[in-house]
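Please look over this note with the model open beside you. It takes a pocket and then a pair of helices.

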Amino acid sequence: MCTAFIIVGTLSVLLVHVAIGKASAADAVSALEQVRCLDVPAATATANAEFEHSDFWEDNGHTIREAWVELETDGGPPANLALANIVDPSLREAIESARDNPTLANEENVLSSFVEAGPLGKGLAYKSHLLTPAGASALRSELDKATSSGIPLRRPNAMNRYGCIIDKDVDGAVSLSSLTAFVEDLIDNIARPVGRALFNDTVGAKEDVEHFTFTIRYNAEEDMELKEHRDASVFTLNINLNLPEENYDGSSLYLLDEEYIGNDGTGTRHLIEFEPDMLLIHRGSVRHAALPISSGTRHNIIIWLFGEDGQVRVAPYDEEDRLAVEQRWGRNVREIEIDRHDKWKPEL
């Protein structure tokens with residue numbers, strides 16, 4: 001509960017002395033209690049709003065991070081979000097084989113789980129089932145713990161207002177270690193190697209070293225749709241977190257094929273319907289949008305991967321400069337330089 005002192009009339013001197021005498025006690029107020037008393041500015045803008053209320057989040061970022069630590073300490077055991085427990089077993093086993101023994105055959109075994117989505121034959125997007133129903137439920141449970149904690153949540157991005165950022169370093173983001181560790185594991189073991197394999201023409205060793213992760217939520221009372229845009233990523237993972245019993249209508253995603261101009265003069269739209277536990281992975285450069293939702297709520301977690309300092313490569317690599325299969329899947333290769341003689345080495 002947030003408490004305020006009111007100084008009235010002849011009692012003012014006494015109350016001032018009481019307040020001074022309790023100054024040291026104020027230092028003992030937990031970070032969790034402090035942030036729950038903050039007057040959090042509402043996210044209102046729906047475009048170019050990545051820096052909306054940035055002063056508030058910078059001023060309170062340290063205390064908010066301390067509050068997440070306290071919540072983690074006192075809020076009960078975290079959900080078990082180890083990939084072995086929540087990822088579809090057949091996909092996980094195929095990826096493990098490719099990582100243990102990076103061959104073209106093992107890579108093809110992984111990619112056989114992905115079906116091209118959107119404009120066919122363009123290599124713009126692919127979909128697969130990523131999570132088990134129990135895995136999606138565990139992830140949602142941990143996210144629900146965060147969103148119901150009373151800790152202020154920064155808007156997810158420049159366009160969506162409802163959801164949260166998951167990052168231990170961003171001011172105002174959710175920094176529960178269960179969630180940040182899940183994101184790191186998912187990127188290192190699934191997102192990065194799969195993205196390098198599917199989009200091998202534009203994703204080299206430097207193009208996917210950084211990431212930005214956030215959740216979004218669409219319903220009739222909050223964000224209903226998302227206008228057409230490109231992502232600030234070389235490729236994007238978009239994972240549906242609806243449980244099987246959570247139905248909604250509308251909210252289809254469309255990808256735009258800009259090669260074939262439609263009646264609206266902008267290109268041909270290809271609709272994609274999300275299913276529970278479904279992963280959509282697409283090039284960040286493809287224009288896309290979320291159509292209005294008419295009932296229910298859609299929950300998704302989204303990960304952008306990009307290069308250092310936010311760099312996004314669009315131009316394709318020459319064939320001889322593209323990552324070899326060992327570089328795409330090897331466990332010990334994080335960043336690789338390719339010289340013009342097609343040699344590579346890990347950066348130490």
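1. First, a term. On a 1 Å grid over the protein atoms alone, a pocket is an open set of points where a 1.4 Å probe fits, with protein on both sides within 12 Å along at least five of seven lines; lining residues have an atom within 4 Å of a point. The largest pocket has 38 lining residues. Nearest its centre lie Glu50, Asn157, Ala158, Phe212 and Trp304.

2. Know the source. This is a predicted model, where local features need pLDDT of at least 70, side-chain atom pairs need 80 or more, and totals for linings use all residues. Residues are numbered from 1 along each chain, and side-chain values use heavy atoms, without hydrogens or water.

3. β4 gives the most, with five.

4. Now the helices (DSSP runs of H or I, at least four residues). α6 (residues 89-100) and α7 (residues 104-111) pack at about 160 degrees, with axes 8 Å apart (lines fitted to C-alpha atoms over the stretch in contact; angles run from 0 to 180 degrees between N-to-C directions). Therefore α6 is roughly antiparallel to α7 (over 145 degrees).

5. Which residues of α6 and α7 meet? Leu91, Ala94, Ile95, Ser97 and Ala98 in α6 meet Asn106, Glu107, Asn109 and Val110 in α7 (heavy atoms within 4.5 Å). By class, this contact has five nonpolar, three polar and one charged residues.

Methods:
Helices (H or I, at least four residues) and strands (E, at least two) are DSSP runs, numbered from the N terminus. Angles under 35 degrees count as roughly parallel, over 145 as roughly antiparallel, 65 to 115 as roughly perpendicular and the rest as oblique. Ala, Val, Leu, Ile, Met, Phe, Trp, Tyr, Cys and Pro count as nonpolar, Asp, Glu, Lys and Arg as charged, and the others, Gly among them, as polar.
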